[in-house]
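These are my notes for a colleague who is opening this entry for the first time. Please keep the sequence and the model side by side while going through the numbered points.

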Amino acid sequence: MAQQVALERHRHVFQVNWLDSEWIRRDDEGSAMCMSMSKQGVQGLSVTLQSGLSWARAPAAVLNFNCMLILLPVCRNLLSLIRGNFTCCGRSLRKQLDKNLTFHKLVAYMIALMTAVHTIAHLFNMERFNNSRQGKGDELSTELSELGDEANQTFLNPIRSTSTTPTYVVFTTIAGLTGVIITLALILMITSSMEIIRRCYFEVFWYTHHLFIIFFAGLVFHGAGRIVRSVKTTDPPHNISFCEDQPANWGLIPQCPIPQFAGGFPQTWMWVIGPMVLYLCERIVRFVRYMQTVTYRKIVIRPSKVLELQLVKAGFKMEVGQYVFLNCPDISQLEWHPFTMTSAPEEDFFSVHIRVVGDWTEKLMSMAMACAKIEVPLPHFRIGVDGPFGTASEDVFDYEVSMLVGCGIGVTPFASILKSIWYKFKESNPTLRTRKIYFYWLCRETHAFEWFADLLQVLEREMEERGMGSFLTYKLFLTGWDQSHAAHVKVHFDKDTDVVTGLKQKTYYGRPHWDNEFTEIRNNHPTSVVGTFLCGPEALAKTLEKKCAKFSVVDPRGIKFYFNKENF
Amino acid sequence: MGKIEWAMWANEQALASGLILLTGGIVGVAGQFAGWQFAAYGVAAGVFVCLLEYPRGRRAKGTSVERTGQYCLTVCVKAFGPITRNYYVRAFLHAALCVPGGFMLATVLGCVCLGIASLIYLLAAIRGEQWLPILPKTETREKPRESIKEPPQNPPPRPPADLRRKRLEDVEGAAYVNPIPVTGSED
């Protein structure tokens, strides 16, 4: 409970801090504008452009910051490295790194919003510059805009021609042209990242998203034209407050020499160069990992269109509950699909159970079946592995009594966990404090999970052989039963093993009655610390959290339930 | 991955372009920029494109997700029949609509985006895609299947009554084979 609160608090603190920094940057830039308007700085510009200047500069500052941030959450290998090395820091802090894609999207929305504000401000700026140049503004603006027409003068207004349009100016300056190009790239990236395009036509999203290369290239050169001009100190200095009322006298009286201007040094590259280098390293690492040899140890075709791949890769180290990305060049060069690993770290290989749900998995299955037909011992098609990623759930080993709840597809990481616990128990590994496991498996139907039932059978058998039958208690709840199920069960009531799973433990129908379950555990272990782990829907998480709180006893010698929701 | 339906992306791009054209137009009119008439056009064109593109079409393969509250517009767009169904028409329409936007800075971005959307629609049209409305399926109720729990309507088939009458004088001859096999209940 406390952990959950801490986790959520960290996430909100992180987001609030980020938003705060956005506002601070905007405030800073805005107040810097105000201050500099009263100093020598960009007063010339502010006269011509009025508030349009601040409205453009403030989002630009925010954009610098966000464009720096946007590349970082997608460097998954870098994040894994940080997560692995920061084991000293709290787990909840490390969990923030799991929300990387959400953060990437948030930053992207901010970039889109700031781009919009920046562009609109510049629309006004261009219009005002043009008006001032053509003498449609006040006398001071016109005078300022005329500076640079004669020799020995530096210009303030970037529009030098008196008979041009803002559109022409924009497309003939570096800043304008790069601005239009990168905004276009941004729009294309955003429209192709919409949920429906990402989920259904991933290639469109992936290819178009590489426009970010154009985006960053244009962004770095956006300020190269040094179009934003600020006042340079002259000798004697130009007294702004005295001279602004008499522009006609500039150059004629000693207090008002012709002011000189120079363009500002481009700064965006300083913000984005670091993350660009990091991202380049990330892509190199991914490529290197892709090129590493992965050998097949075994492939098994399971019932209900599930394919088990047992793979071996040199130097591969995993923890329980982690996932890998798989790529098969024979199917698609681009697609990398995540799969939770179902093997334990103690084994000398790692395995994934792949269920056929879409094009890629279907092709993989058909290639595997083709190999099986021609009776080739191991497949010939190459497979690339990137990973492992994900928060390791080592906490499961810390509790004396573990209550594991897996719903539907959420049962997959528990395969890894159960196997690992069993290995550790057999070897009497001192890191394992668990003495008893209660495993609850909830699913609508066991279709596609027969392999997990097989795993439980194997564990059940091994435990019986060692006389440790009481180590694991599991209950399977079929929540999607119907009349035919019931009829089937009625007919086979007297059989020793369950009709659905073949396990000794009989299947329950319907949802578990959590009060009963918690009461049973409390009665069996009145003084233990119980860790509850869930991989399943939010609604169930809330229910279990409440039950954990309800059944924990205040007495320090009594039973305590701790709830952990894992995002595998 | 399967076949890519370009029209889906074209639709997102066109909707975004409509919004950008509209925003640029509002800025141009509000700021009274030179050439603000083009901005006014941008507002009108932007609104039109948004209304046309808001209802998402049905995917040829897979489940379609509709946008919030798009039903009314779906009905309106569907009413135009082949004009809105055909993506060639949309491609040329967007190409034509985007041109006046290029004459003013505020609407030039909307113009380019709409042009790109028009190109993607052209690609979709060449690949034979078309706009089909997402309409709620009318549920056809299945006739309730015959339940075996209903009591039988007819008596079981038996030979006529006079044959069944016990004929003590000819027990052998009175025996008959049941047309339908009967198993006794084993209790």
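1. Read from the N terminus on, the elements of chain B follow the order α-α-α-α-α-α-α-α, so that chain B has eight helices and zero strands; helices (H or I, at least four residues) and strands (E, at least two) are DSSP runs, numbered from the N terminus. Of the 187 residues in chain B, 38% are buried, where buried means under 20% relative accessible area, exposed over 50%, and partly exposed in between, with a 1.4 Å probe and protein chains only.

2. This is a predicted model, in which local features need pLDDT of at least 70 and side-chain atom pairs count only at pLDDT 80 or more, while totals for chains, interfaces and linings use all residues. Residues are numbered from 1 along each chain as its sequence is written, chains are lettered from A and ligands numbered from 1 in the order in which they are written, and side-chain values use heavy atoms, with hydrogens and water left out.

3. Over all chains, the structure holds 19 salt bridges, a salt bridge being a side-chain nitrogen of Lys or Arg within 4 Å of a carboxyl oxygen of Asp or Glu. In chain B, E12(B) and R56(B) meet through their side chains in a salt bridge (2.9 Å, N to O). This pair links distant parts of the chain, 44 residues apart, with E12(B) in helix α1 (residues 6-30) of chain B and R56(B) in the loop between α2 (36-53) and α3 (71-79) of chain B. Both E12(B) and R56(B) are buried.

4. Which residue of chain A forms a salt bridge with E462(A)? The partner is K426(A), and the closest N and O atoms are 3.3 Å apart. Because E462(A) lies in helix α17 (residues 450-465) of chain A and K426(A) in helix α16 (residues 412-426) of chain A, the pair ties together parts that are 36 residues apart in sequence. E462(A) is partly exposed at 25% relative accessibility, and K426(A) is partly exposed with a relative accessible area of 27%.

5. A further salt bridge joins the side chains of D515(A) and K547(A) (3.1 Å, N to O). D515(A) lies in helix α19 (residues 514-524) of chain A and K547(A) in helix α20 (residues 538-551) of chain A, so this pair ties together parts that are 32 residues apart in sequence. D515(A) counts as partly exposed at 23% relative accessibility, whereas K547(A), at 16%, counts as buried. Elsewhere in chain A, a network of salt bridges links R76(A), R289(A) and D386(A).

6. Helix α3 (residues 52-70) of chain A packs with helix α6 (residues 100-133) of chain A at an angle of about 155°, their axes being 8 Å apart. That makes α3(A) roughly antiparallel to α6(A), a term for angles over 145 degrees.

7. P247(A) sits in the loop between α13 (240-243) and β2 (260-263) of chain A, and P247(A) is buried, with a relative accessible area of 3%. Although P247(A) and L144(A) are 103 residues apart along the chain, their C-alpha atoms are separated by 8.3 Å.

Technical notes
Axes fitted to C-alpha atoms, helices over the stretch in contact; angles between N-to-C directions. Parallel < 35°, antiparallel > 145°, perpendicular 65-115°, else oblique.
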